[in-house]
Protein chains: 2
Amino acid sequence: MLNFNFHRPTDFYFGKGQENSAGEICKKYGGSRVLVHYGSSSAIKSGLIDRVTASLEHSGIKVIKLGGVQPNPMDTLVYEGIELCRRENVDMILAVGGGSVIDSAKAIALGVHYDGDFWDLFAKIAVPTQSLPVGSVLTIAAAGSEGSTSAVISHYENGVLKKKGLNTQLNVPKFAIMNPELTMTLPAFQTACGACDIMCHVMERYFTNTQDVLLTDELCEAVLRTMKVMLPRVIKDPHDYEARANIMWAGTLAHNNMCGVDREQDWASHHLEHELSALYDCAHGAGLAVITPAWMEYVMSHNVMRFARFAVNVFGCQMNYEDPKTTALEGIQALRRLWGEAGLPLNFEQLGARKEDIPTLVANIGQDNHTEGHFMVLDKKQITRVFEMAADYKV
Amino acid sequence: MLNFNFHRPTDFYFGKGQENSAGEICKKYGGSRVLVHYGSSSAIKSGLIDRVTASLEHSGIKVIKLGGVQPNPMDTLVYEGIELCRRENVDMILAVGGGSVIDSAKAIALGVHYDGDFWDLFAKIAVPTQSLPVGSVLTIAAAGSEGSTSAVISHYENGVLKKKGLNTQLNVPKFAIMNPELTMTLPAFQTACGACDIMCHVMERYFTNTQDVLLTDELCEAVLRTMKVMLPRVIKDPHDYEARANIMWAGTLAHNNMCGVDREQDWASHHLEHELSALYDCAHGAGLAVITPAWMEYVMSHNVMRFARFAVNVFGCQMNYEDPKTTALEGIQALRRLWGEAGLPLNFEQLGARKEDIPTLVANIGQDNHTEGHFMVLDKKQITRVFEMAADYKV
């Protein structure tokens with residue numbers, strides 16, 4: 001087990017009706033001039049923005065609004081948000097939405113206190129030292145950004161869209177308001193993409209070379225098994241509150257690092273997917289559904305027993321003691337079946353990606369000597385092979 | 001699933017050598033005049049108190065010391081600590097020890113800011129509103145107090161020793177320094193008592209009437225299975241670092257309420273045990289090893305399938321679909337076997353308790369109409385029966 005630091009001070013308000021206390025909660029954490037940050041039309045149409053605004057104003061809070069966050073959020077809106085926060089003396093940002101909105105809010109919060117181009121922070125040219133407090137009203141279970149240290153922002157670099165992540169303790173939100181009912185009106189595809197992202201956040205941590213970390217392994221499998229049961233339930237009945245609730249809380253625990261504190265983690269699949277969503281603007285969860293199983297098949301030989309364990313403990317496959325590889329492969333196929341039945345793409349064609357773009361994807365991921373992953377370190381040739389396997393997979 | 005609030009801002013520093021950063025960490029959280037609070041001789045003899053003191057002084061912190069905390073910590077030392085903190089203008093308490101020392105530190109921290117007898121807070125006559133910051137250097141994996149809202153203090157009431165718990169967000173420590181190596185020199189019996197306490201913290205939450213809370217159920221089973229594997233390892237080899245580490249982190253997660261956020265919890269076994277340790281001054285974990293399986297057998301009929309699930313999922317028992325009760329009983333026996341083999345007592349005689357004291361134990365627990373538990377609500381007659389079953393169990 002590796003030494004670790006774990007500090008997740010986010011204050012979670014979970015369950016029905018919690019968004020109606022948004023004003024009270026913002027006030028508790030010192031908000032008096034709050035930027036309500038949100039995405040496109042759905043949060044407005046549903047009346048959520050109005051309800052949250054009313055709750056804040058009822059608590060005597062001045063509300064400033066900035067909408068328009070897109071999936072794979074852009075730096076352009078972050079610049080706009082920073083300007084707006086400075087002009088309006090904003091002292092807190094309340095993200096009403098999913099991971100994209102929260103990540104955008106985190107970037108604005110860091111940028112307000114940075115005396116320069118906020119992109120320096122994401123480009124790792126400068127280290128952030130201060131941030132505005134950020135809270136959220138979560139509307140999709142997926143990214144886990146409501147309780148995590150991470151934020152991912154997209155921007156154009158020499159005409160190429162790049163996604164860059166920044167992990168810092170300053171990114172951990174002060175509070176999160178999580179009402180599973182708010183996720184009931186999501187399109188099934190978005191629900192499935194979110195569930196896939198949640199499972200991948202766990203798997204990036206589960207496949208590790210660190211030995212003798214049973215507790216965290218068990219926690220990983222606990223979250224994965226829950227998702228295996230609950231994903232088909234919400235696809236069948238979007239109004240299944242209990243399934244929505246289990247998934248929503250799983251989304252937080254999958255990415256607050258409870259499932260990975262003590263180990264070397266991988267993250268190759270996430271980085272490969274970032275290239276897909278940068279090139280095709282596809283949903284992050286959809287890209288993961290295509291890349292992750294291909295990655296699993298490619299790296300499986302590095303530790304077959306780990307994948308056999310995954311198959312048995314998560315999907316209840318029968319262990320083949322004579323040939324553990326068949327069990328390992330069965331587990332990967334069971335994962336694909338779960339995701340496919342939830343409506344997720346499983347190869348390039350279904351995703352809307354093109355095999356002939358693979359050289360571009362691989363070129364964009366980094367310099368010639370660039371590697372990805374830690375469970376098995378992949379060079380560019382190997383990364384190419386993973387993309388090819390994802391492209392060629394026969395559904 | 002019930003609505004919940006979850007807020008555990010404790011900053012964990014986990015792993016080898018972390019105690020050497022105690023000074024730096026105390027400073028980070030504002031300590032300049034720190035009360036180092038500890039138990040009896042072991043932390044002094046091992047040199048830990050000296051090392052921690054040196055680290056604090058190296059960071060320019062003024063150290064004030066108060067030792068002498070006993071297992072089942074007394075109010076008398078709390079009064080002394082409050083006086084000392086006020087006299088010396090202490091601005092932080094660093095507990096170096098286990099649950100008793102941390103609980104004592106929490107009570108002192110609350111008392112310093114309360115303008116009256118601190119016992120009012122534990123007697124629920126007054127509600128605490130402020131507390132000194134508390135941190136810990138943990139030396140035993142057991143109570144989970146390093147990351148929990150709870151503190152338990154003993155005091156004499158009309159000549160009878162009473163244990164009273166106080167749960168408040170103010171009790172959540174600012175930080176915890178957790179080096180599993182520090183637990184390697186514990187006597188085997190204390191290690192086993194700690195492991196039992198950890199498992200019972202989970203089981204008090206696991207046996208619930210709240211439905212459809214799969215994620216948290218899975219997390220409970222994950223912690224319990226880990227303990228099942230790791231307890232025999234540390235009993236066999238006290239210097240097994242990985243086993244110590246898994247158990248230590250399990251102790252925190254077992255009682256920070258991650259395993260119980262969404263549900264009605266029970267806590268009857270804990271309260272019955274408090275009467276045992278108040279009367280006999282036995283170790284809390286030892287009392288739990290006697291009471292909990294007896295409680296399980298008594299309440300099992302309330303939901304046999306829940307206990308069958310426990311048997312199958314935690315202890316790998318074979319499910320008897322024709323007669324689930326036999327599976328449920330097998331699980332309880334497997335638990336007793338695990339604890340017995342770790343050297344824990346399993347009945348009154350082994351604990352040093354006497355069957356003829358049962359009327360006293362039951363009288364002390366509360367008024368005539370007093371009840372315990374939520375999974376199955378027990379009146380005094382039923383509580384008596386649980387004590388009797390614990391007394392009579394044939395090893």
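Biologist: Which residue of chain A does B:Glu218 form a salt bridge with?
Modeller: B:Glu218 pairs with A:Arg225, and the closest N and O atoms are 2.7 Å apart. A salt bridge here is a side-chain nitrogen of Lys or Arg within 4 Å of a carboxyl oxygen of Asp or Glu. This is a predicted model: local features need pLDDT of at least 70, side-chain atom pairs count only at pLDDT 80 or more, and totals for chains, interfaces and linings use all residues. Residues are numbered from 1 along each chain as its sequence is written, chains are lettered from A in the order in which they are written, and side-chain values use heavy atoms, with hydrogens and water left out.

Biologist: How many salt bridges cross the interface of chain B and chain A?
Modeller: The rule finds four there. Over all chains, the structure holds 32.

Biologist: Which elements of chain B give two or more residues to the side that touches chain A?
Modeller: Strands S1 (4-7) and S2 (11-14), plus helices H8 (214-236) and H9 (241-255). Helices (H or I, at least four residues) and strands (E, at least two) are DSSP runs, numbered from the N terminus. H8(B) gives the largest share, 11 residues.

Biologist: And how much area is buried between the two chains?
Modeller: About 3500 Å², with carbon and sulfur atoms giving 56%. Buried area is the accessible area (1.4 Å probe) that two parts lose on being put together, summed over both. The contact (heavy atoms within 4.5 Å) takes 40 residues from chain B and 40 residues from chain A.

Biologist: Strands next. How does strand S1 of chain A run relative to S2(B), parallel or antiparallel?
Modeller: Antiparallel, with four bridges joining S1 (residues 4-7) of chain A to S2(B). Strands pair if DSSP finds at least two bridges between them.

Biologist: What about A:Glu388, which residue is its salt bridge partner?
Modeller: A:Arg385, at 3.0 Å, N to O. A:Glu388 is partly exposed at 25%, and A:Arg385 is partly exposed at 36%.

Note on methods
Buried means under 20% relative accessible area, exposed over 50%, partly exposed in between (1.4 Å probe, protein chains only).
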